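Work through the exercises below with the sequence and the coordinates open. Try each task before reading its solution.

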Amino acid sequence: ELEGKNVTVLTTELPVILRGTEADISAVTPDDVTVVADLSAVSAASGSYTVPATVKINTSGDVGVKGTYQVRVTISEKSNQEDAEETKPDATPNQLP
């Protein structure tokens, strides 16, 4: 996460090559697939970037991911209201004796 920034993923589909047995691969569902964008090399400047992505498969089968992947992201400034909502502590009512 970039401090004080909104990051929006523009990539809506990412074809992924899986390796494993036919049975294990057939058991993989979209809910088993997670894509994590690596923002470590991105400057804090607003704009659109193509960044490396790691594809993770969460399944009991022996399934791996083959290849390298990238996703497109847009970075923009957070509004003052968004900053206030993120940093506002949880309010608890004062209790009087």
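Helices (H or I, at least four residues) and strands (E, at least two) are DSSP runs, numbered from the N terminus. This is a predicted model: local features need pLDDT of at least 70, side-chain atom pairs count only at pLDDT 80 or more, and totals for chains, interfaces and linings use all residues. Residues are numbered from 1 along each chain as its sequence is written, and side-chain values use heavy atoms, with hydrogens and water left out.

**Exercise 1.** Determine the strand order of the open sheet and find its edges.

Solution. Two strands pair if DSSP finds at least two bridges between them. Applied here, this gives 4 strands in the order β1-β6-β4-β3, with antiparallel pairing. β1 (5-9) and β3 (33-37) each pair on one side only, and these are the edge strands. From one strand to the next, the twist averages 40° (axes are lines fitted to C-alpha atoms; angles run from 0 to 180 degrees between N-to-C directions).

**Exercise 2.** Examine the pairing of β1 with β6.

Solution. Strand β6 covers residues 69-77. Its antiparallel pairing with β1 runs over 5 bridges. Take Val-9: its bridge partner in β6 is Val-73.

**Exercise 3.** State what share of the protein's residues is buried.

Solution. Buried means under 20% relative accessible area (1.4 Å probe, protein chains only). Of the 97 residues, 18% are buried.

Conventions:
Buried < 20%, exposed > 50% of the residue type's maximum accessible area, 1.4 Å probe, protein only.
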